[in-house]
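Subject: Structure handover

Hello,

Please find the sequence and the structure below. My notes on what was found follow them.

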Amino acid sequence: MKETRRPTLIVSVQRALRLMEAVASHPGGAPAKQLARQVGLPLATTYHLLRTLVHEGYLVRTAEGAYLLGDRVDPLQDDRRAQDRVARIRVELRTLRDELGVAAYFSLYEDGEIRVVEIADGPRTPRVDLSVGLSQTAHATAIGKCVLAQLPPLARRDHLSRHPLIGLTPHTITHQGELERRLDSPLALDREEYLLGTGCAAVPVTDAAGETVGAVAVSCSPAKLVKVEAFAPRIREAAARINLALTI
């Protein structure tokens with residue numbers, strides 16, 4: 001019978017982590033002696049670990065000799081929350097992909113530009129080749145039109161002034177008046193306007209103040225777009241859950 005090998009653990013790292021947990025349990029800080037008793041370490045060992053953690057910025061020592069969490073801890077917590085948000089977004093997009101048989105996308109509108117943050121695709125649901133940037137082709141994509149529709153008039157004019165309505169396919173809208181009329185639709189659609197043989201639909205994602213931060217979109221064959229339009233409420237549900245993940 002094979003002997004199960006135990007993982008190699010670094011004891012000093014374990015002790016440092018226990019000290020971090022002990023410090024975190026005292027919002028007003030705690031002295032070394034109290035922390036040593038709490039984690040069951042010799043005082044000398046505790047001092048060595050505390051000095052190292054202070055040097056690295058994970059702890060700070062007050063003038064009274066108490067130890068508090070340092071500035072390097074907050075970015076770790078922020079990074080963890082960001083990872084949690086990305087994980088939630090991925091779940092929603094993959095669920096859309098599997099339920100509707102489409103590729104699913106999440107995009108953000110930041111600093112006046114549109115960028116795709118996450119894509120859920122697969123062998124049967126290939127993603128659209130976005131070699132031509134979304135910001136340059138907002139008028140021709142469901143994601144872009146979705147974002148443009150939600151922008152205040154001044155911000156929309158600014159975006160369109162920086163990105164002319166270039167023709168990508170025979171179906172691309174290149175007249176601004178016609179584009180403005182299409183933006184009134186409750187569901188943003190791309191009917192082979194960005195790429196022949198591909199259709200897309202998108203709904204907005206908003207922040208806590210109700211302002212647009214991006215869009216959730218799906219892509220499929222033009223023939224399947226009618227079915228996707230019928231499932232617009234399901235796409236909006238996914239967008240609502242992604243919105244919730246962004247505000248947590």
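Keep in mind throughout that the model is predicted. Leu59 has Leu69 in β3 standing opposite.

Next, the helix packing. For a pair of packed helices, the description consists of the angle between the axes and the distance between them.

Helix α2 (residues 32-39) packs against helix α3 (residues 43-55): their axes come within 9 Å and cross at roughly 110 degrees. An angle from 65 to 115 degrees counts as roughly perpendicular, and therefore α2 is roughly perpendicular to α3. The crossing of α2 and α3 is right-handed. On the α2 side the contact is made by Ala32, Lys33, Leu35 and Ala36, and on the α3 side by Leu43, Thr46, Tyr47 and Leu50. By class, the residues of this contact of α2 with α3 are six nonpolar, one polar and one charged.

α2 also packs against α1, at an angle of about 115 degrees and with the axes 10 Å apart. The crossing of α1 and α2 is right-handed. Here Arg18, Leu19, Ala22 and Val23 in α1 meet Leu35, Gln38 and Val39 in α2. The contact of α1 with α2 divides into five nonpolar residues, one polar and one charged. Leu35 of α2 takes part in the contact with α3 and is also among the α2 residues that meet α1.

Glu110 has Glu113 in β5 as its bridge partner. The hairpin of β4 and β5 has two residues between the strands, and Asp111 in this hairpin takes a positive phi near 50 degrees.

The backbone at that point deserves a look. Most residues other than glycine have a negative phi. Asp111 is not a glycine, yet has a positive phi of about 50 degrees. Asp111 sits in the loop between β4 and β5 and is exposed, with a relative accessible area of 80%.

Glu192 is another non-glycine residue with a positive phi, in this case near 60 degrees. Glu192 is found in the loop between β6 (188-191) and β7 (199-206). With a relative accessible area of 21%, Glu192 is partly exposed.

Last, helix α5 (residues 142-150). How many of the nine residues of α5 are buried? Seven of them are, and the helix is mostly covered. The buried residues are Ala142, Ile143, Gly144, Lys145, Cys146, Val147 and Leu148. The list of buried α5 residues includes a lysine, Lys145.

Regards

Key. Residues are numbered from 1 along each chain as its sequence is written. This is a predicted model: local features need pLDDT of at least 70, side-chain atom pairs count only at pLDDT 80 or more; totals for chains, interfaces and linings use all residues. Side-chain values use heavy atoms; hydrogens and water are left out. Axes are lines fitted to C-alpha atoms, for helices over the stretch in contact, and angles run from 0 to 180 degrees between N-to-C directions. Helices (H or I, at least four residues) and strands (E, at least two) are DSSP runs, numbered from the N terminus. Angles under 35 degrees count as roughly parallel, over 145 as roughly antiparallel, 65 to 115 as roughly perpendicular and the rest as oblique. A crossing is left-handed if the near helix is turned anticlockwise from the far one by less than a right angle, and right-handed if clockwise. Contact means heavy atoms within 4.5 Å. Ala, Val, Leu, Ile, Met, Phe, Trp, Tyr, Cys and Pro count as nonpolar, Asp, Glu, Lys and Arg as charged, and the others, Gly among them, as polar. Two strands pair if DSSP finds at least two bridges between them. Buried means under 20% relative accessible area, exposed over 50%, partly exposed in between (1.4 Å probe, protein chains only).
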